[in-house]
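Visitor: I am new to this structure and would be grateful for a close look at a single part of it. Please set that part in the context of the whole chain.

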Amino acid sequence: MRAIRELTDPHTYHGWTWIEAYELGARGEAVAKRELFVRRDGLRWLSPGRAVTTATRRPGRAARSVRVPA
């Protein structure tokens with residue numbers, strides 16, 4: 001995922017927030033746009049311009065094939 005911005009309009013629980021992000025494909029390109037409800041202290045922010053390689057990504061569950069319109 002590549003975070004685009006934090007969505008501050010919706011009211012959330014303390015410590016939680018909505019973010020808008022791009023789901024990244026195998027080559028690092030954006031393949032779908034998502035809105036995620038996340039805990040702020042569970043996010044790991046990378047410095048701007050830092051490339052994320054396959055070696056630095058953690059394995060996870062595969063995303064469902066549902067596409068969110070942009």
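**A buried glutamate and its surroundings**

Guide: Glu-20 counts as buried because its relative accessibility is 7%; buried means under 20% relative accessible area, exposed over 50%, and partly exposed in between (1.4 Å probe, protein chains only). The model is a predicted one, in which local features need pLDDT of at least 70 and side-chain atom pairs count only at pLDDT 80 or more, while totals for chains, interfaces and linings use all residues. Residues are numbered from 1 along each chain as its sequence is written, and side-chain values use heavy atoms, with hydrogens and water left out.

Glu-20 is found in strand 2, which covers residues 16–24. Strands (E, at least two residues) and helices (H or I, at least four) are DSSP runs, numbered from the N terminus. Leaving aside residues up to four places away in sequence, Glu-20 touches Arg-2, Ala-3, Ile-4, Arg-5, Leu-7, Lys-33, Arg-34 and Glu-35; a contact means heavy atoms within 4.5 Å. With Lys-33, the side chain of Glu-20 also forms a polar contact of 3.5 Å. A polar contact is a pair of N or O atoms within 3.5 Å; within protein, one must be able to donate a hydrogen and the other to accept it, and residues adjacent in sequence count only if both atoms are side-chain atoms.

Strand 2 also holds Glu-23. This residue counts as buried because its relative accessibility is 14%. Its side chain makes a polar contact of 2.5 Å with the side chain of Arg-34.

Phe-37 belongs to strand 3, residues 30–39. Phe-37 counts as partly exposed because its relative accessibility is 34%.

Of its 70 residues, 14% count as buried. Among contacts between residues at least 6 apart in sequence, 27% join residues at least 24 apart.

Confidence is given by pLDDT, the predictor's confidence in each residue, from 0 to 100. The chain has a mean pLDDT of 77, and 67% of its residues reach 70 or more.
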